[in-house]
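Let's take a walk through this protein together. Have the sequence and the 3D view ready, and follow along as we go.

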Amino acid sequence: MTGSAGRKHVVGQYGLVSDSGNAADRFRDPLVRVERFAAEVLVRCPACGECAVVVAHPGAPERRTGHGRLVARRRLSCRACGLSRDDSPSERVFGGPVDPCFRLPLWLQADCCGEILWAYNSEHLDVLESYVAARLRERGVVPGSMSMVERLPAWLKSAKNRSEVLRAVQRLRSSLPAAH
Ligand SMILES: [Zn+2]
């Protein structure tokens, strides 16, 4: 299956492979903040309801505000209906099932354990899955680094929720459009 080969590559990028060579046994915190995964955010298109994507504006990724602060410009685009919209928010909000810029609902979100499991994109989903599936979880080398993994909620870290979370991850993965 080509999808599974692609995931191994991503997991390898984050150094999640254990000494035994079995990536499922051991997880090492890649020490990546959740903001890092927001480089490409899959959202529900406000026009047609299909999967759209929010990325850095291709022409001018940043602009300065009147106070000289750099603000990232973002572009929402939908292949299904052709919608294209630009925004440069003065503040991006991280940590919930909405796009940090446009505040649109994420494409990858599912009810799980009475909470909402969400991811910005397939790579984010891969790291969540690796973490939840791993039986041995290594702390990052820098405690308090506020990495995405350190900030995961307790329900997602709980061993008793492991199988339900992994099922939700699979549901989300099957909802990904082919291009993502
Ligand atoms: Zn659309």
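In helix 5, Val165, Ala168, Val169 and Leu172 are buried. Buried here means that 20 or more other C-beta atoms, placed from the backbone, lie within 10 Å of a residue's own; with 12 or fewer a residue is exposed, and in between it is partly exposed. Those four sit on the same side of helix 5, because they cover an arc of only 105° around the axis (the arc is that of the directions from the helix axis to the C-beta atoms). An α-helix has 3.6 residues a turn, so residues three or four places apart point the same way.

A quick word on the ground rules. This is a predicted model: local features need pLDDT of at least 70, side-chain atom pairs count only at pLDDT 80 or more, and totals for chains, interfaces and linings use all residues. Residues are numbered from 1 along each chain as its sequence is written. Helices (H or I, at least four residues) and strands (E, at least two) are DSSP runs, numbered from the N terminus.

Now zoom out to the largest nonpolar core, which has 33 residues, with Leu42, Val43 and Leu108 making the most contacts inside it. Such a core is a set of buried Ala, Val, Leu, Ile, Met, Phe, Trp, Tyr and Cys residues joined through C-beta atoms within 7 Å. Among the elements giving two or more residues to this core are strand 2 (40-44), strand 8 (108-112) and helix 5 (162-174). Helix 3 gives the most, with five residues.
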